[in-house]
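Hi everyone, thanks for making time for this one. Have a look at the model on the screen, and I'll walk you through it.

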Amino acid sequence: MSQQIWGNPQRWDAAEWQSEATWADRFMYIDPYFWSYFGVALALATSIIGASWGIFVTGVSLLGSTVKAPRIRSKNLISVIFCEAVAIYGVIMAIIMIGKIGPIEDIPTEQNGINVCYTYALYCGYSLFWTGVSVGLSNLICGIAVGVTGSGCAISDAQTPETFVKILVVEIFGSALGLFGVIVGIIQCSGATFPKVCPSA
Amino acid sequence: MDLCVFGVDDGYAEAIIRGLRASFLTEAQYQQMKNCASIPELKSFLEETDYQNCLQADNPQIPTSILRQRLKKKLADEFEYIEAQSTGTLTKYLFHLRCRFMIDNVVNMIEGLKNKIDIEILLSNIDPLGWFPEIKNIKVLEGDDYSSLYRDVLIDTPIGVYFMKFLEESIENLHENRTLNDIQNLFREMKPEYIRTSLKKMWLEDFYSFCESELMPTSQEALLELLKFEADFKTVQVIYNSIGNRDLNTAAKIITTRKQLCPTIGNLYPDCEKVYLQAMTLDALREAVKGCDNYRDLLKDAPDPLKREEFNVQTKTLDDIMYDDECRRYALSFDGQGSYGVFYAYLKLKEQEIRNIIWLAEMISRKLAKNHPGWKKIIIPFSHLGK
């Protein structure tokens, strides 16, 4: 349990932990590795949910309008590519974030050292979690936006060929949203690495 | 939110409609059709448009009725394809749309049977959009027993529920000591137009309540407006046709007929109901509808129904004015995504296009002069969009 790895062994023992610890204590001692891996999963999974949502919405309209208007086939695959890009953003962020996670080799024994070590680890864990949230949610919504616009693009291209390029501009602006998420995410997790060796107080 | 999930079930069907929308004939093509000198020329022109496959098997001098059957069969096949690709609410919705054509078919068959036309000819003339398997069962049993036809055969059809309501309403209106003979006479004497209008009114109301209860908000936005407008048109038409109608000689009869035939949905009901039920001249009708929409402008140019005998090919009748406005609205409904209105609009506009082609075919086959006013009587879908 966390208080045996990280906590102050003199301050609490098992029985006291059960009776004296508050909810704030329990929250504080959720393992930083839990936070960091959860962040990685969020970044990856929600980006891919957004991208796949976009692809299925676009793909359906593309298939249907191609039945009677085969000329739109190749042009409108661009919408699918834009949605795919959103998933790639998620994968890139996840890889960057995984690179920052690693075990701590040398945990000190005295109380001060342990506290310092834990603080660094917590900083890293929280940072990666919220990076995952910001990247994942922005890619989710971006994927949906590009997908719905892409389906509108396919449909209106089948109806009136001149509208294709205009709607593509809307899609480009939509896909920029995912890029914003990635940029902020990279800055957010740039300083956060699990320390290999605990820094001294 | 329904835009995000519309694609799951109905995206494919809607996208097919969008592709089909590009196949409507343009103004330039109508102009070329008008310049055709004979039916074979018209046929070869049509074979270059989207209609190519359906006319290949016929000889060039195709009679107009066969031409109409072929064009309608093509529309029916397209619609069947879309219905086959749809699922859930959309299938129910598309089936509902077809009930309107089923009503037409059944009324035509009953009329034909009354006039002792051979049943094979009747079956070959039905509108293919309104085909349903039970239509082969419609025949009159011995003794001209129409009531059993209504009771046993028609109840099983998909539109049986409308017939039941219609019968209940008509039987109610008979006097107290009605006998079996009276009922028989009722069915025999009933005018087909009256039956048709009543059934279509019931269908429209049923369809409206279906749309209100089962569709998503994006679809409702477009459809409920279109349906209300159609109901208002029906109301105005009923009143217009009943002004100066020779069959309705008493005021009470006029009011009961109007009440039976006017739909109970739409912008005109119930606000203007009292006023339009009493309207006995065109001006009174204009007064009654002046509060709603642009109906006043539409009725401004309508010819006076009391002078019905003076109508000729040149007068723009109320029907023409209404079709014009209707087509404009249906064309507008193609401007939104994720709505079921496009299916309805496509059906109506394609019907209008078929009517146009048949009208032009008739004009060409009669070899009328090019300055005959009849050439201008076609209403081109999407023409107001300037394409």
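Predicted model: local features only at pLDDT ≥ 70, side-chain atom pairs only at ≥ 80, totals over all residues.

So, B:D325 and B:R329 form a salt bridge, with N and O 3.4 Å apart. By salt bridge I mean a side-chain nitrogen of Lys or Arg within 4 Å of a carboxyl oxygen of Asp or Glu. The two residues sit 4 apart in helix α16 of chain B, so about one helical turn separates them. When I say helix, I mean a DSSP run of H or I with at least four residues; a strand is a run of E with at least two, and both are numbered from the N terminus. B:D325 and B:R329 are both buried. Buried here is under 20% relative accessible area, exposed is over 50%, and partly exposed is in between, using a 1.4 Å probe and protein chains only.

Residues are numbered from 1 along each chain as its sequence is written, chains are lettered from A and ligands numbered from 1 in the order in which they are written, and side-chain values use heavy atoms, with hydrogens and water left out.

Back to B:D325. B:D325 has 8% relative accessibility and counts as buried, whereas B:R328, at 31%, is partly exposed.

Over all chains, the structure holds 22 salt bridges. Here's another: B:K74 and B:D50, 3.1 Å from N to O. Which parts of chain B does this pair tie together? B:K74 is in helix α4 (residues 64–85) and B:D50 is in the loop between α3 (39–46) and α4, so the bridge links parts 24 residues apart in sequence. B:K74 is buried at 12% relative accessible area, and B:D50 is partly exposed at 23%.

Between chain A and chain B the count is 1 salt bridge. As a general point, side chains of opposite charge can pair when their charged atoms come close.

That takes us to the interface. How many residues does each chain bring to the contact? Chain A gives 17 and chain B gives 19, with contact meaning heavy atoms within 4.5 Å. The buried area is about 1500 Å², and carbon and sulfur atoms give 69% of it. Buried area is the accessible area, with a 1.4 Å probe, that two parts lose on being put together, summed over both. On the chain A side, A:K68, A:I155 and A:Q159 lose the most area to chain B, together 38% of what that side buries.

There are also 3 residue pairs in polar contact across the interface, both residues at pLDDT 80 or more. A polar contact is a pair of N or O atoms within 3.5 Å; within protein, one must be able to donate a hydrogen and the other to accept it, and residues adjacent in sequence count only if both atoms are side-chain atoms. On chain A, the elements giving two or more residues to this side are α4 (32–68) and α6 (111–159). The largest share, 10 residues, comes from α4(A).

What about chain A as a whole? Its secondary structure is 7 helices and 0 strands. Its C-alpha atoms fill a box of roughly 75 × 30 × 20 Å along the principal axes. Of its 201 residues, 47% are buried.

Last stop, A:T58, which is in helix α4 of chain A. Is A:T58 buried or exposed? It counts as buried, at 1% relative accessibility. A polar atom of the A:T58 side chain lies 2.9 Å from the backbone oxygen of A:G147. Leaving out residues up to four places away in sequence, A:T58 touches several residues, among them A:S79, A:C83, A:V146 and A:G150.
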